[in-house]
Amino acid sequence: MKKNIKKGKITMTITIGMACFCLILVMFMQFKIVNQTDITSIENMREAELRTELANWKSKYEETNQAYEETIAKIEEYKQTNQSNEETEKLVNSELQQMELSLGRTDVEGQGIEIIVRETNKEDIERITADDLIIIVNALKLAGAEAISINDERIVNMSDIVDINGSFIKVNGQRILEPYVIKAIGDPAYLESGLIGNGGPIDNMKKLGQNVLIDKPNKVKILKYKDEIKRKYIQ
């Protein structure tokens with residue numbers, strides 16, 4: 001699309017140049033005619049001939065002036081078209097950035113929180129599962145998180161968080177190891193309240209004896225989604 005806009009600008013520049021060249025050529029011809037006019041012969045012309053000549057010159061002047069005004073109007077039109085193309089390009093770029101952001105295709109940073117989940121060595125406490133991580137992620141989304149990652153694996157609509165044989169967890173097809181660091185960008189107070197309130201996922205995990213910590217760094221950085229977004233059914 002940028003190539004098309006650039007090509008349009010080149011075409012407009014060439015057209016303006018040609019219009020200006022034609023205008024200069026018309027004016028040059030008029031000056032040449034003036035220089036070639038014999039002043040002595042004009043003085044000897046009869047009044048009727050002078051009037052006829054004056055009318056001809058007036059007509060030529062009006063034609064030249066009209067050509068000049070048309071050229072100026074064309075230049076203004078091209079300028080407006082060029083500005084319109086620039087505005088369109090800015091709008092398209094803005095929409096592309098928003099789309100890349102929603103698809104998780106760019107690194108982002110901002111205010112937020114980090115949740116660190118560690119396995120415990122106590123035999124009577126269940127290990128951390130993919131379901132535990134999914135519950136935390138869903139709670140963050142409900143609390144208004146704008147971007148989420150687990151161990152630097154960006155969570156998007158296509159992400160999968162699964163247990164493999166009950167021994168380890170995969171996110172986006174990649175094996176992750178504890179401690180599980182879940183990052184979220186959003187209002188820190190809202191995100192935390194969505195996790196630790198009565199009945200919240202972190203509150204429930206702590207009641208079960210699991211090791212969960214919430215940190216509030218000055219800035220949270222979340223990396224982009226690394227895999228290719230594949231669609232099986234959308235045509």
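Of the 235 residues in this chain, 27% count as buried. The model is a predicted one. Its chain holds six helices and ten strands. Take the contacts between residues at least 6 apart in sequence: 77% of these join residues at least 24 apart.

**Helix 4 and helix 5**

- Two packed helices are described by the angle between their axes and the distance between the axes.
- Helix 4 spans residues 130-142, and helix 5 spans residues 188-196.
- The two pack at an angle of about 135°, and their axes lie 9 Å apart.
- Helix 4 and helix 5 are therefore oblique to each other.
- The crossing of helix 4 past helix 5 is right-handed.
- Helix 4 brings Ile136, Ala139 and Leu140 to the contact. Helix 5 meets them with Leu191, Gly194 and Leu195.
- Five of the residues in this contact are nonpolar, one is polar and none is charged.

- Three strands make up an open sheet, in the order 5-6-7. Their pairing is antiparallel.
- Strands of a sheet pair through backbone hydrogen bonds, either parallel or antiparallel.
- Strand 5 (161-164) and strand 7 (174-176) are the edge strands, each pairing on one side only.
- On average, neighbouring strands of this sheet are turned by 40° against each other, direction ignored.
- Helix 4 lies across strand 5, strand 6 and strand 7. Helix 4 runs at about 170° to strand 5.

**Strand 5 with strand 6**

- Strand 6 covers residues 168-171 and pairs with strand 5 over four bridges, in the antiparallel sense.
- Ile161 has Val171 of strand 6 as its bridge partner.
- Ile164 is bridged to Phe168 of strand 6.
- The hairpin of strand 5 and strand 6 has three residues between the strands. In this hairpin, Asn165 takes a positive phi near 55°.

**Strand 6 with strand 7**

- Three bridges link strand 6 and strand 7, again in the antiparallel sense.
- Ile169 has Ile176 of strand 7 as its bridge partner.
- Strand 6 and strand 7 also form a hairpin, with two residues between them. Asn172 sits in the turn and has a positive phi of about 55°.

**Tyr180**

- Tyr180 is found in strand 8, which covers residues 180-185.
- Its relative accessible area is 4%, under the 20% cut-off. Tyr180 is therefore buried.
- Setting aside neighbours within four places in sequence, Tyr180 contacts Ile115, Ile116, Val117, Glu119, Ile128, Leu133, Asn151 and Ile169.
- Ile169, one of these contacts, is the residue bridged to Ile176 in strand 7.
- Tyr180 and Ile150 are 30 residues apart in sequence, with 6.6 Å between their C-alpha atoms.

**Pro217**

- Pro217 lies in the loop between strand 9 (211-215) and strand 10 (220-222).
- Pro217 has 24% relative accessibility, so this residue counts as partly exposed.
- Residues up to four places away in sequence are not counted here: Pro217 touches Gly112, Ile113 and Glu114.
- Glu114 is 103 residues from Pro217 along the chain. The C-alpha atoms of Pro217 and Glu114 are 7.6 Å apart.

Methods. Residues numbered from 1 in each chain as written. Predicted model: local features only at pLDDT ≥ 70, side-chain atom pairs only at ≥ 80, totals over all residues. Heavy atoms only, no water. Axes fitted to C-alpha atoms, helices over the stretch in contact; angles between N-to-C directions. Parallel < 35°, antiparallel > 145°, perpendicular 65-115°, else oblique. Left-handed = near helix turned anticlockwise from the far one by under 90°. Contact = heavy atoms within 4.5 Å. Nonpolar A, V, L, I, M, F, W, Y, C, P; charged D, E, K, R; others polar. Pairing = 2+ DSSP bridges. Buried < 20%, exposed > 50% of the residue type's maximum accessible area, 1.4 Å probe, protein only.
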